[in-house]
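Below is a short report on ring contacts and ligand surroundings. The structure comes first, the reading after.

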Amino acid sequence: MNLTIIGSGYVGLTTGTCFAEMGHHVICVDNNTEKIRTLQSGAIPIYEPKLEELVKKNVAVGRLEFSPSIAASIAESEVIFIAVPTPPNTDGSVDLTYIEKVAREIAQALQPEMGYKVIVDKSTVPVKTGEKVSQTIKHYAGPNVQFDIVSNPEFLREGCAVDDLLHPDRIVIGANSEQAMNVIKRVYQPIHAPILETDVNSAELIKHAANSFLALKISYINAVAKVCEKTGADVELVAEGIGMDKRISRHFLNAGLGYGGSCFPKDVINISRTLGIPFTLLEEVEHINDTQHIHFLDRIRDRLWVLKDKKIAVWGLAFKQNTDDVRESIALKLCEKLCGEGAIVTATDPKAMHTAAPILNPMGVKLVEDMYECARDAEVLVIATEWSEYANADLQKLAGVMRNRIIFDGRNILSPANLRAVGFEYHSVGRPSVEEA
Ligand code: UDX
Ligand code: UDX
């Protein structure tokens, strides 16, 4: 099939590339001409495991191309996917400017002689956005243009997006016409996964409800972690114990500094906001998340007494492992607060230095490529992202470069027993601390 993806970011580029891998002909469009030039030159503007090789392979066989023009791309495409950002406004509500703009651009490009088109929303949007997109297209396109709107939400996690796309738990297709439903089912025909067919509003709500529920699990275990810290219980054991119950499951019960990223922070409260329906349970989820890293910072301050002029190293800047994305990263919030209290902060990340630099440089954070050099002479090492490089750190080497052997692990990735053996003092989230040897 011929497909167009509008928006070639973390979601659009990965989705388009996986569609090409499934055998479709795909044009990835973006209004950032610099990004399109980069992609056309064979480079990938983001870090996402497995993506680069798949892009190269599919470009080489002519199934994947890039274009700055919506109008030129959609003429030949049976299906047009919208994957532009839906960022938060300053008050936390969702900014739908890009969706509206793209809907208008599609409408202006559509011509009756192009035949029937299916326009699919991939971006996370408040329920009933599909209706607005439909109205907008009807308004700006001529009366004889034939199209349907579909909601086909994406459940990919950055860092393992390719696997999530090619081997999903389920595919949700929300369509209000059988014709549109059948077109999108053909798109996914090469994928072996259950398909849930719904109406458009239900599909939109499924995405929000799924993200809110996952965020709820994280805040829940972080709240339990606080109880553990007061009582000496171990949150890892508690998570394991409750997660063995299939009704609960162990997934998304990792206590830590809380969730970041471009989805959870804004999706959680926006499930019902535009409808004026209070959802106070999710307000509490958000509150727990907002205060989680502040509580962690309080613990660091308690230990060091004053933070001013103390050298603190931070490992991890991305909002999670295996990505260079720092949107809503808790690590950056932590750096900002440490700098605000006068600490001398050095930081590192395997992939996200270039995305974090514009935010951290003005704060005075020193970015250091090598993780051990970053920790040199530090009084405390803070682990803020769950990279496997940090989980597998050479503790002897680390002990040799730090001024004090003190670690605050905000992602519970190190083993207390290993740290005890090397003589580290170790504090993590919801687990008993390893005190100074
Ligand atoms: C996605 C989803 O689409 C969003 O709904 C979700 O909440 C977060 O994840 P993402 O792919 O992560 O967005 O965003 P980004 O990496 O910023 O990519 C979006 C792309 O769209 C950018 O390359 C941007 O240049 C492009 N864009 C934006 C357009 O092509 N046209 C526009 O009008 C606006
Ligand atoms: C999320 C959803 O998982 C995905 O289905 C949706 O399509 C987009 O939003 P993403 O934000 O890319 O994906 O990553 P995810 O793996 O969900 O992690 C989100 C945040 O939660 C990260 O900051 C991560 O560190 C944190 N997290 C995750 C925890 O703190 N504990 C956990 O147990 C899991």
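## Charges over rings

Over the face of which residue does Lys-351 lie? Lys-351 sits over Tyr-47, at 4.5 Å from the ring centre. Arg-170 lies over the face of Phe-155, at 3.5 Å from the ring centre. A charge sits over a ring if NZ of Lys or CZ of Arg is within 6 Å of the ring centre and within 35 degrees of the ring normal.

## Basis of the model

This is a predicted model, in which local features need pLDDT of at least 70, side-chain atom pairs count only at pLDDT 80 or more, and totals for chains, interfaces and linings use all residues. Residues are numbered from 1 along each chain as its sequence is written, chains are lettered from A and ligands numbered from 1 in the order in which they are written, and side-chain values use heavy atoms, with hydrogens and water left out.

## Aromatic pairs

The structure holds seven aromatic pairs. Rings of Phe, Tyr and Trp (its six-membered ring) pair if their centres lie within 6.5 Å; planes under 30 degrees apart count as stacked, over 60 as edge-to-face and the rest as tilted. Phe-252 and Phe-264 have ring centres 6.3 Å apart and planes at 70 degrees, so they pair edge-to-face. Phe-252 lies in the loop between α10 (235–243) and α11 (264–270), and Phe-264 in helix α11, so the pair ties together parts 12 residues apart in sequence. Helices (H or I, at least four residues) and strands (E, at least two) are DSSP runs, numbered from the N terminus. Phe-252 is partly exposed at 27% relative accessibility. Phe-264 is buried at 13%. Buried means under 20% relative accessible area, exposed over 50%, partly exposed in between (1.4 Å probe, protein chains only).

Phe-296 and Phe-408 also pair edge-to-face, at 5.9 Å centre to centre and 85 degrees between the planes. Phe-296 lies in helix α12 (residues 280–304) and Phe-408 in strand β13 (residues 406–409), so this pair ties together parts 112 residues apart in sequence. Both Phe-296 and Phe-408 are buried. Elsewhere, ring pairs link Phe-19, Phe-81 and Tyr-188 into a cluster.

## Around ligand 2

Ligand 2 is surrounded by 20 residues (a heavy atom within 4 Å). The closest include Phe-155 and Glu-158. Helix α9 (residues 200–231) gives the largest share of the shell, three residues.

An oxygen atom of ligand 2 is 3.1 Å from a polar backbone atom of Glu-154. For Leu-156, the distance from a ligand 2 oxygen to a polar backbone atom is 3.1 Å. The protein covers 94% of the 660 Å² of accessible area that ligand 2 has on its own (Shrake-Rupley method, 1.4 Å probe).

Notes
A polar contact is a pair of N or O atoms within 3.5 Å; within protein, one must be able to donate a hydrogen and the other to accept it, and residues adjacent in sequence count only if both atoms are side-chain atoms.
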